[in-house]
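The following note sets out numbered remarks for a colleague examining this model. Please read them alongside the coordinates.

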Amino acid sequence: TINSFIHNKVERKLYSVLGLSFIMVTITGLIDLIRYRIARSTTDTGLFLRIGLFFFIIILGTYTLKDLLALSKIGMKAELMQKLAYNDALTGMLNRMAFVEYEKEIAIQSDGKIIFVQFDINNLKKVNDVYGHSEGDKHIIAAANVISQSFGINGKSYRTGGDEFIAVISGKKYEEYFEIAKVKFIELINKYNMEYTP
């Protein structure tokens, strides 16, 4: 439908460029042939053909470069769309959709050595009700930063819901990495709790 229309439009444009270039090379070749037959010129009998080939190469090169730039733009847009699809807008963390995709990967590849840690923020509804949603958002962002800085170093961390997060640690040293992350997490939470004033 739309894709086939775009594909047909691109194909027609390519054929018209190729046709124009071929006609140009043919005409310049004929000019050289006429020059040779009529003028009986033996010096540089391929001058116009070389000029035609030169323009042929320039036209095709320009068309190819335009296509490469267009493809590069499409690639950047696709990358941005993927980032928007898999990253949480508020915290910048990977989101629930990214977690579901990761679950599929580890179901196939995992050797069973993996730790899932689930978090939620206590009393977030009370913070939202008393201080407003912007204050609640600050808590969510702070929680995301703490989880990312502790569990995200040797694993992956996700925001899977309003105040829900999941961290995943896998690999040969998963238990060691979990202990390191746990210590760092407690340290960062205590620091935040001491510094925070609504």
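1. Ser150 is buried, because its relative accessible area of 5% falls under the 20% limit. This residue belongs to helix H5. Apart from neighbours within four places in sequence, the contacts of Ser150 are Ala181, Lys184, Phe185 and Leu188. Helix H6 spans residues 174–195.

2. The model is predicted, and its confidence should be kept in view throughout. The mean pLDDT of the protein chain is 81, and 82% of the residues score at least 70. Confidence is lowest in helix H1 (residues 2–39), with a mean of 68, and highest in strand S3 (residues 156–159), at 95. Where pLDDT is low, the predicted coordinates should not be read in detail.

3. As to overall architecture, the protein chain contains six helices and four strands. Along the sequence these elements follow the pattern α-α-β-α-β-α-α-β-β-α. Among contacts with a separation of 6 or more, 60% are between residues 24 or more positions apart.

4. The four strands make up an open sheet of mixed pairing, in the order S1-S3-S4-S2. Its edges are formed by strand S1 (94–95) and strand S2 (114–120), each of which pairs on one side only. Helix H5 (residues 133–150) packs on this sheet, where it touches S2, S3 and S4, and its direction makes about 5° with that of S4. Helix H6 lies across S2 and S4 and runs at about 20° to S2.

5. Strand S4 (residues 164–170) runs antiparallel to S2, to which it is joined by seven bridges. Within this pairing, Phe119 has Phe165 as its bridge partner in S4, and Phe116 is partnered by Val168 of S4. S4 is largely enclosed by the rest of the structure, because five of its seven residues are buried.

6. S3 is also antiparallel to S4, with four bridges joining the two strands. Four residues separate S3 from S4 in the hairpin that they form. The bridge partners in S4 include Ile166 for Tyr158 and Phe165 for Arg159.

7. The pairing of S1 with S3 is parallel and extends over two bridges. In this pair, Leu94 stands opposite Tyr158 of S3. Tyr158 is also bridged to Ile166 in S4.

8. The largest nonpolar core has 20 residues, of which Val117, Phe119, Ile147, Phe151 and Phe165 touch the most other members. Two or more residues of this core come from each of S2, H5, S4 and H6. Not counting residues up to four places away in sequence, Val117 touches Phe151, Phe165, Ile166, Ala167 and Phe178. A second, separate core comprises seven residues, including Phe99, Tyr102, Ile106 and Ile166. Ile166 is therefore a member of the second core, under the definition of a core by side-chain atoms within 4.5 Å, and it is also among the residues that Val117 touches.

9. Finally, some totals for the whole molecule. Of the 198 residues in the protein chain, 25% count as buried. The chain exposes about 14100 Å², and carbon and sulfur atoms supply 63% of that area. These totals should be read together with the confidence values, including the mean of 68 for helix H1.

Conventions. Residues are numbered from 1 along each chain as its sequence is written. This is a predicted model: local features need pLDDT of at least 70, side-chain atom pairs count only at pLDDT 80 or more; totals for chains, interfaces and linings use all residues. Side-chain values use heavy atoms; hydrogens and water are left out. pLDDT is the predictor's confidence in each residue, from 0 to 100. Buried means under 20% relative accessible area, exposed over 50%, partly exposed in between (1.4 Å probe, protein chains only). Contact means heavy atoms within 4.5 Å. Accessible areas come from the Shrake-Rupley method with a 1.4 Å probe; for residues, only the protein chains shown count as cover. Two strands pair if DSSP finds at least two bridges between them. Axes are lines fitted to C-alpha atoms, for helices over the stretch in contact, and angles run from 0 to 180 degrees between N-to-C directions.
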